[in-house]
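These are my notebook entries on a single protein chain. I set down what I looked up, one topic at a time.

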Amino acid sequence: MEVFPVNQYDPLMPGIVMAMVAIVHVFLAQFAVGGGMLLCYFQWLSMTGRCENARLFVHGYFKWLVLISFVAGAATGVGIWFTAIQVSAPTIGQMIENFHWIWATEYLFFLLEIIAGYLFYRYHERISDTACLRLLGMYAFAAWMSLFLINGIISWQLTPGGWIEDQSLFAGFFNPTFWPSTLFRTIVALTLAGLVACVVVNTMKELDQEQKRTLINYAAHLLVPMIAMPILGIWFYLMMPTDSQGWVAGGSPAMTLFLNIAVGASLAIGGYAFVGLYLQKLYINGATATLLLLLAFGATAGGEFVREGSRKPYSIRYWIYSNGIFPDDVAKMRQEGCLVDDPYPLRDGTPVAGEITTRGAKVFRRQCAVCHTVSGINGVSELTETWDADQMRMNIAKLQHTKPFMPPFAGSAEDLESLVRYLKWFEERNDQVAEAPYEEETLKTIQKWLDAAGTASLSLPGETSLQAEEGDK
């Protein structure tokens with residue numbers, strides 16, 4: 001098994017660094033998808049004479065779309081790859097290995113999106129309305145196909161479905177949560193495009209308020225599909241693994257909180273858009289439109305947090321744990337240790353007291369660093385500060401039982417003892433205790449706890465956590 005070091009960003013946990021880039025990118029990418037659809041709609045309104053200033057709006061809006069999508073969206077897209085490889089190279093490797101043709105196809109659609117967008121931006125004033133609509137249609141289709149293809153891969157991470165049995169590309173791509181998430185993201189894309197349109201309209205100084213209101217009311221048509229969001233959300237929830245449902249329904253307070261943020265923000269946007277903008281045809285100023293857009297960003301952040309967190313203890317459900325260790329390798333690592341294939345030294349400046357704490361720091365990097373810091377956001381030293389050494393040893397040895405959303409400890413008794421020594425030393429800075437020779441009795445006790453815990457996660461395919469736990473008894 002190939003081992004890749006996790007780049008630690010203490011006091012920020014690596015997952016937070018990746019999430020900050022990913023959420024911004026998802027927000028911008030979904031706006032780009034919806035923006036193409038909105039522009040097609042307004043181009044059609046102009047061509048059919050339904051909206052007097054639609055053509056003026058199309059030309060102004062597209063400049064925003066190009067700036068945001070082609071520049072910021074592309075930069076954050078590269079940023080996702082860079083940070084993901086820094087944090088969880090094994091997961092990215094699995095995604096590329098299993099879906100390389102899907103990725104390649106998505107890149108072709110992205111190229112088509114860029115070409116169509118550039119041609120429209122460069123020549124829209126010189127070509128016919130029909131040619132403009134065709135270019136915008138090409139742009140919108142290519143952008144949506146990118147969403148379609150990428151969503152198949154990221155939804156596979158949560159619900160690989162039949163792919164687990166035979167690694168079928170079709171079963172993995174069209175997995176249980178594919179359709180509800182694809183439709184949900186499409187509606188989100190339309191919503192973001194409509195809200196950005198409300199902001200853009202308020203920057204058009206050549207229009208009076210009544211003309212702006214007309215454009216805003218047409219843009220509000222793209223917000224109406226939000227009515228279907230609750231149905232799609234419930235459909236997605238029902239397709240999730242049973243224990244994932246438990247995390248978002250109260251099993252993990254953080255995930256429940258972010259779910260409530262996403263739902264609350266979406267309800268606020270949807271209610272205002274449907275009643276105020278669509279039914280009552282109200283005018284919305286730039287400040288209010290910006291506030292609604294910020295709420296949409298909050299809803300996006302909350303939804304992405306829940307989607308990522310609900311995969312625990314895996315990064316690809318039932319296939320690879322969140323720390324990049326494969327379930328089938330845990331038993332082997334219990335025998336050989338988790339550092340046999342890890343040739344990487346600690347980064348310069350990593351505080352250690354000696355050989356044992358150096359080993360402990362490497363064990364932490366191998367098994368914990370993807371989701372935790374030593375001290376900082378989600379810091380293990382703070383989370384365990386009330387535990388004595390024996391309590392820490394037992395809880396880590398039985399990790400999948402004490403914390404079912406975490407993977408089992410994949411290492412030897414010596415690895416675990418080194419990790420405990422390192423964490424205790426980090427808190428107490430007692431070099432003599434940390435670097436004292438291993439005690440045989442302590443190692444035997446740790447091994448007994450490891451054997452009692454077993455090497456399997458409580459989260460198994462086709463089982464709830466409770467059923468799996470009862471089966472172990």
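**Entry 1: A nonpolar patch**

I began with Phe 170, which is exposed because its relative accessible area is 60%, above the 50% cut-off. I note here that the model is predicted. I located Phe 170 in helix H5, residues 169–173.

I then looked up the surface patch to which Phe 170 belongs. This nonpolar patch covers about 880 Å² and is made by Phe 170, Phe 174, Trp 179, Leu 183, Ile 234, Trp 235, Tyr 237, Leu 238 and Met 239. Two or more residues of the patch come from each of helix H6 (178–201) and helix H8 (229–239). H8 gives the most, with 5 residues.

**Entry 2: Salt bridges**

I looked up the salt bridges next and recorded a count of 12. I followed one of them, between Arg 185 and Glu 304, whose closest N and O atoms are 3.0 Å apart. This pair links distant parts of the chain: Arg 185 lies in helix H6 and Glu 304 in helix H11 (residues 286–309), 119 residues apart. I found both Arg 185 and Glu 304 to be buried; for Glu 304 the relative accessibility is 10%.

Glu 304 also meets the side chain of Arg 307 in a salt bridge, at 2.9 Å from N to O. I asked myself how many residues separate Arg 307 and Glu 304 in helix H11. They are 3 residues apart, which means a separation of about one helical turn. An α-helix has 3.6 residues a turn, so residues three or four places apart point the same way. Arg 307 counts as buried because its relative accessible area is 14%, under the 20% cut-off.

I then recorded a salt bridge between Arg 311 and Glu 308, with the closest N and O atoms 2.8 Å apart. Is Arg 311 buried or exposed? It is buried, with a relative accessible area of 5%, whereas Glu 308 is partly exposed at 35%. Salt bridges with shared partners join Arg 185, Glu 304, Arg 307, Glu 308 and Arg 311 into one network.

I checked the length of helix H1, residues 14–47. At 1.5 Å a residue, its 34 residues should span 50 Å, and the end C-alpha atoms are 50 Å apart, so the two values agree. Just after H1, I noted that Gly 49 takes a positive phi of about 75 degrees.

Finally, I looked up Asn 395 in helix H15, residues 389–397. Asn 395 counts as buried, with 12% relative accessibility. Leaving aside neighbours within four places in sequence, Asn 395 is in contact with Trp 387 and Thr 402.

Notes: Residues numbered from 1 in each chain as written. Predicted model: local features only at pLDDT ≥ 70, side-chain atom pairs only at ≥ 80, totals over all residues. Heavy atoms only, no water. Helix = DSSP H or I, 4+ residues; strand = E, 2+ residues; numbered from the N terminus. Expected span 1.5 Å × (residues − 1). Buried < 20%, exposed > 50% of the residue type's maximum accessible area, 1.4 Å probe, protein only. Contact = heavy atoms within 4.5 Å. Patch = residues over 30% accessible without salt bridge, like charges linked within 9 Å, V, L, I, M, F, W, Y side chains within 5 Å. Areas by Shrake-Rupley, 256 points an atom, 1.4 Å probe, with all protein chains shown as cover. Salt bridge = Lys/Arg side-chain N within 4 Å of Asp/Glu carboxyl O.
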